[in-house]
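Please open the model in your viewer and keep the selection panel at hand.

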Amino acid sequence: MPSGARVFFENGKPHKRNIKKELKKQQERQKEKYDKIQRKLRKQFGLGVNTKNTVENHPQHKLLEQIDLNEDNINKTLNKYEKLIKNDKIENAIIITKEGKVYQCFGNKTNVWPDYDLKDELRGAVVTHNHVSTETNYGFSKSDTRLFKEYQLSRLRGIDDKYTYELNSNKGPVLNIPEDYQFKEYGYEHLMSIQYAIDNNIYYMRWNNEWRRKKWNKCTLYKIC
Ligand SMILES: [Zn+2]
């Protein structure tokens, strides 16, 4: 009998208590591994603490890594850094350029300036950023959509303590035009983004952060997020 199996059996019969114990141990080991990676990332990453940053006076943007550009890598990179920035006290932008360079830009409580930091390198990039929980309106601001348009971003994502939202210029719209009453119900910025996506024939979606672990393909305007 392989040694791992011994835990689950007693006198040749499955032993529930041992299974539970073993599962708990496995979960703890996984959590430890996960925490270790998170700690290491946090250290490398240096989340901003200075909420007084201004556009003229804020820390220099930082090259985090270089990745091979494919959809899987891009999504993994977005998810990895979004976990780290989503609860920060200042806005951070993570930019994946067309050359596969991954940068972090530092903002303040209400702004971050990847255009100022990266200039033309920002064109056509994939960008994500966080909205600080005390400031967020759970959607893209006007300056977010302006940035998206002006720099012809491939994708723009935002994350806060509740939601993740995305504009994607490589895909078509998936939502219907909101009715007037829904503007009140779902938040102005969210619905403006839906309108923007439809007007510009691009993709927009917002989903609850909790859904990340679940399948969220049922997410529609009417089963909102
Ligand atoms: Zn924003």
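Begin by selecting Ile 95, Cys 105, Ala 125, Val 127 and Leu 153, which touch the most other members of the 34-residue largest nonpolar core. Such a core is a set of buried Ala, Val, Leu, Ile, Met, Phe, Trp, Tyr and Cys residues joined through C-beta atoms within 7 Å. Buried denotes 20 or more other C-beta atoms within 10 Å of a residue's own, exposed 12 or fewer, and partly exposed anything in between, with C-beta atoms placed from the backbone. Elements that each supply at least two residues of this core include helix H3 (71-85), strand S4 (92-96), strand S5 (101-106) and strand S6 (126-130); helices (H or I, at least four residues) and strands (E, at least two) are DSSP runs numbered from the N terminus.

This is a predicted model: local features need pLDDT of at least 70, side-chain atom pairs count only at pLDDT 80 or more, and totals for chains, interfaces and linings use all residues. Residues are numbered from 1 along each chain as its sequence is written.

Next, select H3 and colour Thr 77, Leu 78, Tyr 81, Glu 82 and Ile 85, which are buried. Viewed down the axis of H3, the buried residues fall within an arc of 125 degrees (taken from the directions from the helix axis to the C-beta atoms), so they line one face of the helix. On the face turned away from the buried side of H3, find the exposed residues Asp 72, Asn 75 and Lys 76.

Finally, display S4, S5, S6, strand S7 (155-159) and S8, which are among what covers the buried residues of H3. Zoom out: the protein chain has 7 helices and 9 strands.

Key. Two residues are in contact if their C-beta atoms, placed from the backbone, lie within 7 Å.
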